[in-house]
Amino acid sequence: MIAAMIPMKHSSIFRNRWFAILWAAGILWFALDVAGSPEEAPDKKVATTDAIGAPVVPDDTKALEAAIANM
């Protein structure tokens with residue numbers, strides 16, 4: 001599987017230092033693309049949101065607790 005990711009012999013990657021640097025930069029670019037960059041810290045004024053992104057107010061939390069308690 002790894003051999004399919006690198007379209008050449010593994011021993012020839014590091015024969016040229018510039019190609020090795022380019023190869024390493026490509027690996028880092030791929031990792032950043034897959035993992036993504038960290039998001040900025042959320043604003044402290046913004047409340048917790050639900051699944052659709054609407055802010056959760058304390059009344060909603062109390063209603064959910066009551067519904068769970070009545071099950």
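Predicted model: local features only at pLDDT ≥ 70, side-chain atom pairs only at ≥ 80, totals over all residues.
Helices are taken here as DSSP runs of H or I with at least four residues, numbered from the N terminus.

H2 covers residues 17-35. At its N-terminal end, H2 is capped by Asn16, a side-chain oxygen of which is placed 3.0 Å from the backbone nitrogen of Trp18.

The loop between H2 and H3 contains Thr49. Thr49 is classed as partly exposed because its relative accessibility is 42%, which falls between the limits of 20% for buried and 50% for exposed residues. When neighbours within four places in sequence are set aside, the contacts of Thr49 are with Ala54, Pro55 and Val56.

A nonpolar patch on the surface is made up of Leu64, Ile68 and Met71, which together have about 400 Å² of accessible area. Helix H3 comprises residues 58-69, and Met71 is located in the segment that follows H3. Met71 has a relative accessible area of 84% and is therefore exposed, the threshold for this class being over 50%. In an α-helix, residues three or four places apart point the same way because there are 3.6 residues a turn.

Terms used: Residues numbered from 1 in each chain as written. Heavy atoms only, no water. Patch = residues over 30% accessible without salt bridge, like charges linked within 9 Å, V, L, I, M, F, W, Y side chains within 5 Å. Areas by Shrake-Rupley, 256 points an atom, 1.4 Å probe, with all protein chains shown as cover. Salt bridge = Lys/Arg side-chain N within 4 Å of Asp/Glu carboxyl O. Helix = DSSP H or I, 4+ residues; strand = E, 2+ residues; numbered from the N terminus. Buried < 20%, exposed > 50% of the residue type's maximum accessible area, 1.4 Å probe, protein only. Contact = heavy atoms within 4.5 Å. Polar contact = N/O pair within 3.5 Å; in protein donor to acceptor, adjacent residues only side chain to side chain.
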